[in-house]
Amino acid sequence: MSGISGLRAWWWERPPAAGTAVMATAVVSIGLRLAGAETVSLVFLALACVGWLALGAAFALRLARRRERWLTEARTPGALTAVAATAMLGTRFALLGWSVVAEALLALAALFWPVLLYVVTRHWGHRMPGAVFLCCVATQALAVLAATLAGTEAVAWLAHTALVLFGVGLLLYGLALPRFDPRELTRGPGDHWIAGGALSISALAGARLIAADSPRLYLWNLDDSGVLRDVTVALLVLDLAWYTVLLVAELARPRPRYGLGRWATVFSMGMTGATVLAVAAAVHVGWLRVPGRVLVWVSFAVWLAAAAGAVLAARSGTRGGQDDGPEGSGVTSTARR
């Protein structure tokens with residue numbers, strides 16, 4: 001019974017940034033689906049659903065019983081993982097053809113997005129960790145889901161809404177970048193990878209907007225399509241540059257200890273793999289498919305490593321230890337002085 005009580009206490013104490021684990025799992029599921037590994041992708045979808053329901057229940061109970069703590073945590077960038085995780089899960093359901101579920105998740109994510117975005121950006125500081133880019137990630141996650149549904153359901157206003165969100169997301173990235181502490185590249189606990197992951201999901205949104213167009217909708221003229229294509233390809237190039245810089249920094253200054261921030265690393269790596277495949281299909285660049293598949297399977301391996309670390313940390317937590325420590329706090333901290 002003590003073990004069950006310890007597990008319940010550990011689950012109850014999960015911070016909002018634990019949503020990065022759901023984000024990462026949903027994104028790896030999307031990447032595996034695009035890589036053609038549908039069965040494994042569905043397993044990851046099931047895991048993402050379980051995680052989303054568990055964290056949703058924990059946060060709802062906390063809102064009911066510990067409202068002051070909930071309001072305090074809502075000011076941290078990690079709170080936006082609720083929006084991003086919900087939207088990414090919805091995107092996977094949209095790709096599966098479950099449009100009703102995807103639309104419900106889009107509505108839920110869109111309901112919380114403006115409130116959380118306003119509260120979080122009001123409490124921005126200076127020299128912030130990579131979690132500052134979650135403002136962009138959450139916005140672009142909505143754009144990805146809206147554009148995906150626009151394509152599958154042939155709804156023009158959803159595509160136009162996604163285009164607006166796409167632009168807002170890029171603006172938020174530009175506002176967040178000066179607040180990011182570059183020293184995080186060599187000391188960050190994992191969430192510093194969101195600096196690249198935010199560009200990756202932006203490129204994915206662009207790819208989905210391109211793919212949403214059809215003779216039935218005729219969303220963009222030739223000039224609009226050309227601009228959208230150029231911006232999407234540029235974002236992918238910048239993302240791959242970030243990926244290289246972040247990977248070199250990890251090799252130069254290894255940080256093997258598990259922390260909650262490592263799920264942000266998995267998310268960003270998985271998002272890059274999925275985005276390369278999506279852009280390859282959208283702009284008809286076939287040679288990108290091979291590196292895209294490689295990156296997807298790399299993120300799959302990193303997900304397994306993070307999951308093993310999480311299991312060990314959870315076991316430690318049920319024995320009274322702390323699984324996150326300074327590494328795990330990086331995603332939820334507002335700023336580092």
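**Overall organisation**

The model is predicted. The protein chain contains 14 helices and zero strands. Read from the N terminus, its elements therefore run α-α-α-α-α-α-α-α-α-α-α-α-α-α. Of the 337 residues in the protein chain, 55% count as buried. Among contacts in the protein chain with a separation of 6 or more, 84% are accounted for by residues 24 or more positions apart.

**The nonpolar core**

Which residues have the most contacts inside the largest nonpolar core? They are Phe133, Val137 and Trp263, and the core itself has 118 residues. If residues up to four places away in sequence are not counted, Phe133 touches Tyr173, Ala176, Leu177, Phe180, Ile194, Ala195 and Ala198.

Thr148 belongs to helix α7, which covers residues 134–153. Is Thr148 buried or exposed? Its relative accessibility is 5%, so Thr148 counts as buried. Apart from neighbours within four places in sequence, Thr148 is in contact with Thr91, Ala94, Leu95 and Arg208.

**Aromatic pairs**

A pair of aromatic rings is described by the distance of the centres and the angle of the planes. The structure holds nine aromatic pairs. One of them joins Phe93 and Trp98: the ring centres are 5.5 Å apart and the planes stand at 25 degrees, so this pair is stacked. The threshold behind that label is an angle under 30 degrees. Within the pair, Phe93 counts as buried because its relative accessibility is 8%, while Trp98 is partly exposed with a relative accessible area of 48%.

Phe180 and Trp242 form another aromatic pair, which is edge-to-face, with 6.4 Å from centre to centre and 75 degrees between the planes. Why does this pair tie together parts that are 62 residues apart in sequence? The reason is that Phe180 lies in the loop between α8 (156–176) and α9 (184–187), whereas Trp242 lies in helix α11 (residues 222–252). Both Phe180 and Trp242 are buried. Phe180 is also one of the residues that Phe133 touches.

**Salt bridges**

How many salt bridges are there in the structure? The count comes to seven. Three of these are set out below, with the distance between the nitrogen and oxygen atoms.

| Salt bridge | N to O distance |
|---|---|
| Arg187 and Asp181 | 3.2 Å |
| Arg187 and Glu184 | 3.0 Å |
| Arg255 and Glu250 | 3.9 Å |

Arg187 takes part in a salt bridge with Asp181 and in another with Glu184. Arg187 and Glu184 are three residues apart in helix α9, so about one helical turn separates them. With a relative accessible area of 41%, Arg187 is partly exposed. Asp181, by contrast, counts as buried at 3% relative accessibility, and Glu184 is buried with a relative accessible area of 0%.

Elsewhere, salt bridges that share partners join Asp181, Arg183, Glu184 and Arg187 into one network.

**The surface**

The protein chain exposes about 14400 Å², and carbon and sulfur atoms supply 68% of this area. Which residues make a nonpolar surface patch of about 270 Å²? Leu108, Leu111 and Phe112 make this patch. Phe112 is found in helix α6, which covers residues 99–122. The relative accessible area of Phe112 is 38%, so Phe112 is partly exposed.

How values were computed:
Residues numbered from 1 in each chain as written. Predicted model: local features only at pLDDT ≥ 70, side-chain atom pairs only at ≥ 80, totals over all residues. Heavy atoms only, no water. Patch = residues over 30% accessible without salt bridge, like charges linked within 9 Å, V, L, I, M, F, W, Y side chains within 5 Å. Areas by Shrake-Rupley, 256 points an atom, 1.4 Å probe, with all protein chains shown as cover. Salt bridge = Lys/Arg side-chain N within 4 Å of Asp/Glu carboxyl O. Helix = DSSP H or I, 4+ residues; strand = E, 2+ residues; numbered from the N terminus. Buried < 20%, exposed > 50% of the residue type's maximum accessible area, 1.4 Å probe, protein only. Phe/Tyr/Trp six-rings, centres within 6.5 Å; stacked < 30°, edge-to-face > 60°. Contact = heavy atoms within 4.5 Å. Core = buried A, V, L, I, M, F, W, Y, C linked by side-chain atoms within 4.5 Å.
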